[in-house]
Amino acid sequence: MEENTIVSTPHNNDKLKLDFKRTLKVGFAFLGIMLFWEVYDYIMPLILSNYFGLSAAQYGIIMGLDNLLAIFLLPFFGGLSDKAVNAKGGRRTAFIFWGSIAAAVSVVFLMIMEFRQYTLLITNMEETLGVSVADLQGLDPEKDYASIMSIVSILAGNGYIDAKWLAYTSFTVTDITTIQIETAKSVMTLNPAILILFIFALLCVLVSMAAYRSPAIALMPDVTPKPLRSQANALITLMGGVGGALSILVYMVFGAKKYESHIALWSITAGLLLVILVLYLVFVKENKFVQQRLDEEKKYGIIDEEEEEEKRGQHKLSKSKMTSLVLILVTVFLWFMGYNCVRSHMSVYCTNFLNIKQSVVTIVNLANGIGGAVALLPCALLSEKIGRKKTIFAGLILAAITYIPCFFMTASTPGVSICFPTCFILSGFGMVFVNVNTLPMVTELSKGSNVGKYTGFYYVASMTAQAITPFLAGLIMEIDGYNTYKYLFVYAIIFVLIAIVTTACIKHGDTKVRKMSAVDIINQAGED
């Protein structure tokens, strides 16, 4: 039988209710985080591929940098925030404040470097080809074949196009994109300093974001009694979904066409990070919220077994609980290996392999964010009715099922622009089911004095996977040109299936099942 780390009187536990307003307020920090990462995950692969000419494996390494850094930085900053008990305004708020400001400034630096490369690339192409990039993008592979051949000859003569590519190309829409990529590769080779400065700017952004990610996430368990953390994490995820949806709207309004810079997009993103910080500072009173949580636990007789063990001199987890903690973290690692290999390559996969327009992909990302928000209510209901562990099972199985048909889809598949997005959105439902419940399972085994450190452990597992999976998946995708892109989903399914096995072995970290209906949850929201 799965054990629970919370002991509470049945009568009091029935009355314990989640403070929806308080939880949504502390979610502002996570909203800002997701706003940035949605913009970053979508546009960064396209910048590195189309502006710097990097291959899938090469840009996969750079896309993994944030996760590689997170392996070391998230536990460090999480533990550091645990100890900042005397910080003015709260131990987590200090990190959120300075991290947000540093991130916004670093994004501006990143924008400048991208614009410099864009300007150099466009100037080089137009001088070499004698035709504007806009005119190049408007060429039809069938009607303008002669014009394309002329441009290709010029590029080949100037060494911009690899002879091997020239030998097997059939001049599809994808090949017109390849002209851009091959030219970008040559420009980058001749001017590597810009790429170096771009990566340096990127590192500044990533360190800044890492400085407040763990503290921002640790704030939720700081202000929420343990039995309610799955519900609270669902609301925090909802706030993250709002940030993701906001980022897609920003991209739709301020984003660029395929061969335009992203000055407006980066500027608005940096500005919104600061606006969200102001909203957080106005609405969140960290010390007050933490005291409210302590008062609630005292009122309803909630006893933290880990805290009691520490008082008795038992500072370490039992062997059984430690095994469960490791298994939870392994499950998190495997899940992100499977899900993020698709997520990190999605924009390039859709545009370069399935020939789906970028505008459609943008809408898909927006729909995915909305779908994730829709999944939050059933996720909260499931975790209350059947427990966190079984809800995670449901999410993993759903993701595996939706990945199977993706393996068989190509650009010529009828209705691919509808079928693929549908599968991707459904897999996002699985993502919500898994993510909402794995973090509370980890923090369930923590105590108040080290919840930031345990949150860091969670992100070590997730970020380690996200650091290596873009590169490994990129290698698979480019084994034989575009022909092996579809094996991305075989890779994903394998890791998700192994995650199902490890989840089955977890014995601790779940919560006692409480009988609640959708009406109960809605009523709670109305009463708060």
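Q: Which helix gives the most to the nonpolar patch?
A: In this predicted model, helix α12 (residues 229-254) gives the most to the nonpolar patch, with four residues. The patch lies on the surface and is formed by Leu-249, Met-252, Val-253, Phe-254 and Ile-363, which together have about 470 Å² of accessible area.

Q: Why is Phe-254 called partly exposed?
A: Phe-254, which is found in helix α12, has a relative accessible area of 35%. Partly exposed covers the range between the buried limit of under 20% and the exposed limit of over 50%, so Phe-254 with its 35% is partly exposed.

Q: What makes the pair of Phe-36 and Tyr-40 stacked?
A: The structure holds 18 aromatic pairs. In the pair of Phe-36 and Tyr-40 the ring centres are 5.7 Å apart and the planes are at 25°; since pairing requires centres within 6.5 Å and stacking requires planes under 30 degrees apart, the pair is stacked. Both residues lie in helix α3 (residues 28-51), four residues apart, about one turn of the helix. Ring pairs also link Phe-36, Trp-37 and Tyr-40 into a cluster.

Q: Why do Phe-36 and Tyr-40 count as buried?
A: Buried means under 20% relative accessible area, and Phe-36 counts as buried because its relative accessibility is 0%. Tyr-40 is buried as well, with a relative accessible area of 0%.

Q: Why is the pair of Phe-420 and Phe-489 called edge-to-face?
A: The ring centres of Phe-420 and Phe-489 are 6.0 Å apart and their planes are at 75°; because planes over 60 degrees apart count as edge-to-face, the pair is edge-to-face. This pair links distant parts of the chain, with Phe-420 in helix α19 (residues 416-443) and Phe-489 in helix α21 (residues 488-504), 69 residues apart. Phe-420 is buried at a relative accessible area of 2%, and Phe-489 counts as buried at 1%.

Q: How do you know that the span of helix α18 agrees with its number of residues?
A: Helix α18 (residues 388-406) has 19 residues, which at 1.5 Å a residue should span 27 Å, and its end C-alpha atoms are 28 Å apart, which agrees. Among the buried residues of α18 are Ile-392, Leu-396, Ala-399 and Tyr-403.

Q: What makes Thr-469 count as buried?
A: Thr-469, placed in helix α20 (residues 451-477), has 0% relative accessibility and therefore counts as buried. Leaving aside its neighbours within four places in sequence, Thr-469 is in contact with Phe-336, Met-337, Asn-340, Cys-341 and Tyr-491.

How values were computed: Residues numbered from 1 in each chain as written. Predicted model: local features only at pLDDT ≥ 70, side-chain atom pairs only at ≥ 80, totals over all residues. Heavy atoms only, no water. Helix = DSSP H or I, 4+ residues; strand = E, 2+ residues; numbered from the N terminus. Buried < 20%, exposed > 50% of the residue type's maximum accessible area, 1.4 Å probe, protein only. Contact = heavy atoms within 4.5 Å. Expected span 1.5 Å × (residues − 1). Patch = residues over 30% accessible without salt bridge, like charges linked within 9 Å, V, L, I, M, F, W, Y side chains within 5 Å. Areas by Shrake-Rupley, 256 points an atom, 1.4 Å probe, with all protein chains shown as cover. Salt bridge = Lys/Arg side-chain N within 4 Å of Asp/Glu carboxyl O.
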